[in-house]
Amino acid sequence: MSKMHVKLNLNGEEVEGLAEPRTLLIHFLRENLKVTGPHIGCETSHCGACTVDIDGKSVKSCTVFVGQVNGKDVTTVEGLVNDDGSLGIIQEMFREHHGLQCGFCTPGMITRAHRLLQENPNPTEKDIRFGMAGNLCRCTGYQNIVKAIAASADMMNAQKEAAE
Amino acid sequence: MKDEVPTTEERVANLKGMGSSRKRVEDVRFTQGRGNYVDDIKLDGMLFGDFVRSPYAHARVTTIHTEEAMKVPGVLAVITAADLEPLGLHWMPTLAGDKQMVLADGKVLFQGQEVAFVVATDRYAAADGVEAVEVDYEELPVVVDPFKAMEPDAPVLREDLEGQTEGAHGPRRHHNHIFTWEQGDKDATEAVMAEADVVAEEMIYYHRTHPSPLETCGSVASMDKVTGKLTLWGTFQAPHAIRTVVSLISGIAEHNIRVISPDIGGGFGNKVGAYAGYVCSVVASIVTGKPVKWVEDRMENLMSTAFARDYWMQGKIAATKEGKITGLWCHTTADHGGFDACADPTKFPAGFMNICTGSYDIPTAYLAVDGVYTNKAPGGVAYRCSFRVTEAAYFIERMIEVLAIKLNMDAAELRRINFIKKEQFPYNSALGWEYDSGDYHTAWDKALNAVGYDDLRAEQAQQLEDFKAGKTRRLMGIGLTHFTEIVGAGPVKNCDILGLGMFDSCEIRIHPTGSAIARLGTISQGQGHATTFAQIIASEIGIPADDITLEEGDTDTAPYGLGTYGSRSTPVAGAATAMAGRKIKAKAQMIAAYLLEVHDDDVEFDVDRFVVKGAPERFKTMKEIAFAAYNQAIPGVEPGLEAVSYYDPPNMTYPFGAYICVLDIDVDTGEAEVRKFYALDDCGTRINPMIIEGQVHGGLTEALAIAMGQEIAYDEMGNNKSATLMDFFIPTSWETPNYETDHTTTPSPHHPIGAKGVGESPNVGGVPCFSNAVHDAFRPFGLTQSHMPHDHWRIWKTANGLGLHS
Ligand code: FES
Ligand code: FES
């Protein structure tokens, strides 16, 4: 099958590659670009392990063809690390509150939590539970994930306040 | 400058040893997407394999047409049983003493069975190749019901076994019969039943389900033709055992095989067995000379690898009028699917189902299990479970409730009067186990008090009255469970898998500057071994956990061990870790005594150093001792500081717990909402409370799934009706409740650090607890048993059947 030229802004950097038009974004990220943070748990849009951020929206990257993201901004969990290489707030809070075990759902969880907190900086527990319901975790029972996200919100808000 | 000398407490805290909620070292990688899971592995020239699978549950395979597939761009090979046969690899041994087709050899026995393996340059080309393979099938009659499978004229499923009257576990009495396993005293139990004041009888079904970790199974095989060495990465819960099995079935010498389990995205028993994909990736790599990756998709995972449970447990429980249990009888029909691929120790074809007397002092008991073939996927793995203990716990905890109904007694009280008493430990059960330690009454009372049990019952009575008066359509259920686990398999004298004794191992090397590396025979799948095992070492030898690297999963470097499942890592490898630490400590003591110029017996260990007895200002820290081990010639002591321990546990460990669940049921919609869940666990000595709590949360959520909706279901034609995450229930954050955790601590007397293991307890105890709560809500209306999973539809049907909708 002939290949198409794909160009996108990935975690702040212009990247490009050749892929068959039918290639799913998750495979393009993982196989072509070797960005293996986003994982594959189902390839049927149920588990959320492949969640990335496209132009400011959470998207399960197994549901889009690579052609659909041509020219767009894509953020993966790798892009949520601070510039100095230290863990970002959500990443740190997942560690602090034991919000992960096997770590397989974690990149999708953190990427989704990142967007959720952009959309709603002061979520209630219900908001978090509802907003994260597209991401499955088999290990943690979610309780500590919810805690980690609530703590991230607090910390981000405190940082914002301090900056103002 | 007195305050610069750290206090003992500060020195202890600095170690981050046992008992500390040390943050996990793994998380720094995982939270930024730097894990290294099997599907992340990419090697130069790597090919991708994919299976052609059977759409039928039972059919003859007459022809496989591969020509068109070979024309698909990128497809390099299509492997069938005929290609594997000359290598003797078309069948493989299962862990249960049976054998299993790697690729369909003349027929298929379940929907989704592997028929051909297409090897191509990438996963898309492989999928195209799979599409292009044409297979001619002749359909055969299908049996999905294990009772029908045992009827005289049932179709013969395993023609390869025809005429074989002796199986791996004794006589076979029917062509679809696998084994009968009997434990306890049949005649005595029947006599007790005949004479008892009260006998309650019930069929308890624990439905078929699946561990479905978020990462599916996969492997990457790379045969180096120059060195003759095979490297096999895979989702293996037991990498060393896999190496031995690969060597035995492929004929490749074991030293020429390196098996690596990289990061594993959850296991829960799914990744214990050997699968066709592993074998085919190896063969494909040998054939093509290139590395070959195989990763199953979710549908393949749910259809073909590792189902769990599917036990039909007919039970009778006898008691006095006052509620003292006098006997327990159980006959189980175990549906194993097309091949017996259970992962149990060899001598236990039904695993530890004989722990089914639970937490109770039951003097007489009898258990028989019949294993049966059907046209379903093989497996029968221990899904977050120590070899069928989940089935056993569900059985006894339901039978107790059924008995309570018969006696018209409160189920909490019935449990209390039958618990094994603290002073009875070590306790010998009627079915042959020696329980190591327990204090059930204390745990039970703590749990009942914590939830305000009497108040809950009063509230429930009020709600029932309101319901009857038409003021509410909701019923309240209170679920109780007291479970006893049996984990840490196990003593080599009676536990082996494929003849490999179930010991485990740890090797520790102390570096000259006082940091260390430890390697174990186990493999973490999310349990946080790199964090917790370092804590054991820190406490044992006084080196900060942060200075200890922990490695597992590479058979070229780690000592041999049987892997991680059945909550065995802490009981077995954890013990090996402590013992290896003690060997190092013993040598360190000699070095310290030499450096301090006193006799060995005149120094003693103190947190992170050896001190001269009675003169604590004279000491050598472990750091100093480590350096001395490498730079001093000490008479009679070899240089270096390292040790290895292979630990053969003297007994199993018996964690236990008391769980209470409160839920509200809407009788019109069948919805059940968990209002409260309290979980008290006693896993002996606690290594990392944060990780224990996390394990409990996760296990309870898997229990919630299983009890309330998760099921591998088949129709009459053997079609798997639950092979996607659309149909197979995995709870989201939305339907998962918050859990309250609690603990008591009853150390194991025979374990070097008293730890018992915890990973599976919440699943073992959680399932009966949720299920009992549903049953309890309907108890006033005469319900004694309704089968899981208690999804909305089934609960609605129960309510309807009890006349609650009229
Ligand atoms: S892999 Fe995309 S949602 Fe599961
Ligand atoms: S941490 Fe394992 S799936 Fe979430």
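Residues are numbered from 1 along each chain as its sequence is written, and chains are lettered from A in the order in which they are written. Because the model is predicted, local features need pLDDT of at least 70 and side-chain atom pairs count only at pLDDT 80 or more, while totals for chains, interfaces and linings use all residues; side-chain values use heavy atoms, without hydrogens and water.

**Nonpolar cores**

In soluble globular proteins, nonpolar side chains tend to be buried together. A nonpolar core is here a set of buried Ala, Val, Leu, Ile, Met, Phe, Trp, Tyr and Cys residues joined through side-chain atoms within 4.5 Å. Buried means under 20% relative accessible area, exposed over 50%, and partly exposed in between, with a 1.4 Å probe and protein chains only. The largest nonpolar core has 213 residues, and Met353(B), Phe677(B), Phe770(B) and Phe778(B) have the most contacts inside it. Helix α11 (residues 389-407) of chain B gives the most to this core, namely 12 residues. Helices (H or I, at least four residues) and strands (E, at least two) are DSSP runs, numbered from the N terminus.

Contact means heavy atoms within 4.5 Å. Not counting residues up to four places away in sequence, Phe677(B) touches residues including Tyr659(B), Leu700(B), Gly766(B) and Phe770(B).

Axes are lines fitted to C-alpha atoms, for helices over the stretch in contact, and angles run from 0 to 180 degrees between N-to-C directions. Angles under 35 degrees count as roughly parallel, over 145 as roughly antiparallel, 65 to 115 as roughly perpendicular and the rest as oblique. A crossing is left-handed if the near helix is turned anticlockwise from the far one by less than a right angle, and right-handed if clockwise.

| Helix pair | Axis separation | Angle |
|---|---|---|
| α18(B) (689-708) and α19(B) (761-778) | within 8 Å | roughly 45° |
| α12(B) (411-418) and α13(B) (440-451) | 10 Å | about 160° |

Helices α18(B) and α19(B) are therefore oblique to each other, and their crossing is right-handed. Among the residues that meet there are Leu700(B) in α18(B) and Phe770(B) in α19(B). Helices α12(B) and α13(B) are roughly antiparallel, with a left-handed crossing. Ala412(B), Arg415(B) and Arg416(B) in α12(B) meet His441(B), Trp444(B), Asp445(B) and Leu448(B) in α13(B).

**Where the chains meet**

In helix α1 (residues 25-32) of chain A, 6 of the 8 residues are buried, including Phe28(A) and Arg30(A). Their cover includes β1 (4-10), β2 (13-19) and β3 (51-54) of chain A, together with α5 (123-132) of chain B.

Asp39(B) lies in the loop between α2 (27-30) and β1 (47-53) of chain B. This residue is buried, because its relative accessible area is 14%. Leaving aside neighbours within four places in sequence, Asp39(B) is in contact with Arg30(A), Ile40(A), Arg123(B), Lys293(B) and Val295(B). Its side chain is joined to that of Arg123(B) by a polar contact of 3.0 Å; a polar contact is a pair of N or O atoms within 3.5 Å, and within protein one must be able to donate a hydrogen and the other to accept it, while residues adjacent in sequence count only if both atoms are side-chain atoms.

Gln32(B) is also placed in the loop between α2 and β1 of chain B, and its relative accessibility of 15% counts as buried. Its contacts beyond four places in sequence include Val77(A), Glu78(A) and Gln91(A).
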